[in-house]
Amino acid sequence: MAPTTANAATITSVATMDTYTQRDRPATNFGTSARLSTEGRAGIWRHTFLRFNVQVPAGQHVVSAKLRAYSEASATSTQFVDVSTTSGGWTERGLTWNNAPAAGTWLGRAGGFRTGSWVEWDVTRGVSANGGEQNFKLESGAQKWIGFKSKESPSSTLRPRLVVTTAPDAGSSTEAAVLHGWGAPVSGDEFNYAGAPDATKWNVYNSLGHGGNGIRSPQQAAVNGSTMVITGTPDGTTAGMSAKFARQKYGRWEIRAAGSGDNEYRLVSLLWPDSGNWPCEGEIDYAETTGDWNLIKFFHHYGCTNSQTSGSMVLDISQFHNYAVDWSPSGMVGYIDGVKWFEDTDPAHQPPASMHQTLQLDWFPHGTPDGPGEMRVDWVRVYAAGR
């Protein structure tokens with residue numbers, strides 16, 4: 001199969017440095033201030049400087065960028081704060097009026113906002129398509145102080161941020177295996193046939209559902225020539241299946257999957273202990289929803305007390321994405337569309353024995369009106385262990 005491309009992503013970066021300068025205090029640094037300041041009065045003049053480090057996923061490029069800052073003063077419809085690019089090289093604790101860089105390309109202005117509101121500037125023209133370090137300067141001609149929360153604000157949710165939207169590069173791969181050089185698969189299933197899942201590769205469940213809820217029926221899992229589809233009914237009849245292949249300690253697993261439907265259904269791609277000795281031998285849920293089809297999670301279960309480490313990412317799960325896990329003696333690393341999003345390197349958390357892939361659409365009834373659910377898998381691929 002040809003390499004796949006990722007869907008658009010939204011990346012929010014919090015300022016790595018910010019400060020302001022003041023004309024009537026030309027040698028003073030304000031890098032520890034919880035406020036950023038702009039002001040246009042001739043004897044005072046205040047300018048704000050911000051820096052962000054934007055991490056663009058491999059195989060993607062920036063198509064939109066919005067600078068956002070939380071206001072501590074209002075501005076009328078005729079009072080504006082302008083944003084421009086500026087050069088780097090300055091430091092948060094070293095910048096003063098005397099050594100501040102000049103404004104570069106003017107990017108836009110914002111006005112007519114209230115105290116205690118998010119102010120937004122479109123800075124797309126000033127952000128590199130490949131991301132990296134981005135520097136901005138805020139200036140105002142208003143004859144008053146207009147300030148914003150800085151990265152030193154006690155409230156982390158009110159700190160300046162740069163919200164970037166990316167799109168895939170033409171023909172780029174977003175498979176972890178391709179981007180990180182895992183070589184050829186040693187096993188898996190491309191689902192390039194029709195009918196029931198291949199019985200030489202899969203054990204399809206015929207049992208009660210997860211936690212005794214609903215049932216898992218082989219009739220709910222079918223391959224349509226290119227995709228394996230698990231369908232869940234409103235009353236909790238669904239399916240799951242475990243791989244007979246690649247039962248191994250250490251290795252790399254990757255699937256391409258999507259899901260949608262009622263919030264009582266949960267898509268799960270996981271590694272399960274070959275011995276069935278759970279929880280003592282662990283469980284690696286490297287792609288799992290928990291009732292929200294716009295949020296994916298990673299759960300690393302370890303130890304007989306079923307302790308966990310976890311990670312989460314906002315993601316449109318109705319669209320196909322590549323989910324991967326690299327289990328090595330060094331630890332556990334999770335990838336989405338080739339980008340690392342989870343890591344646990346604590347030796348005490350390592351599964352003690354071999355594991356295998358399972359695919360499940362689990363039903364978690366919670367008393368609200370029920371609906372159907374669906375899990376779609378393009379392929380499953382397993383690779384040899386790394387170092």
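**Exercise 1.** In this predicted model, find how many aromatic pairs there are, and classify the geometry of the pair Tyr-250 and Trp-327.

*Solution.* The count comes to 17 aromatic pairs. For Tyr-250 and Trp-327, the ring centres lie 5.2 Å apart and the planes stand at 65°; since planes over 60 degrees apart count as edge-to-face, the pair is edge-to-face. As to accessibility, Tyr-250 is partly exposed at 23% relative accessibility, whereas Trp-327 is buried at 0%.

**Exercise 2.** Determine which geometry the aromatic pair of Phe-298 and Phe-342 adopts, and where in the chain its two members lie.

*Solution.* With 3.9 Å from centre to centre and 10° between the planes, the pair is stacked, the cut-off for stacking being planes under 30 degrees apart. Phe-298 lies in strand E24 (residues 295–302) and Phe-342 in strand E28 (residues 339–344), so that distant parts of the chain, 44 residues apart, are linked. Phe-298 is buried with a relative accessible area of 0%, and Phe-342 is likewise buried, with 6%.

**Exercise 3.** Identify the rings over whose faces Arg-266 and Arg-381 lie.

*Solution.* Arg-266 lies over the face of Phe-364, at 3.8 Å from the ring centre. Arg-381, in turn, lies over the face of Trp-379, at 3.8 Å from the centre of that ring.

How values were computed: Residues numbered from 1 in each chain as written. Predicted model: local features only at pLDDT ≥ 70, side-chain atom pairs only at ≥ 80, totals over all residues. Heavy atoms only, no water. Phe/Tyr/Trp six-rings, centres within 6.5 Å; stacked < 30°, edge-to-face > 60°. Buried < 20%, exposed > 50% of the residue type's maximum accessible area, 1.4 Å probe, protein only. Helix = DSSP H or I, 4+ residues; strand = E, 2+ residues; numbered from the N terminus. Lys NZ or Arg CZ within 6 Å of the ring centre and 35° of its normal.
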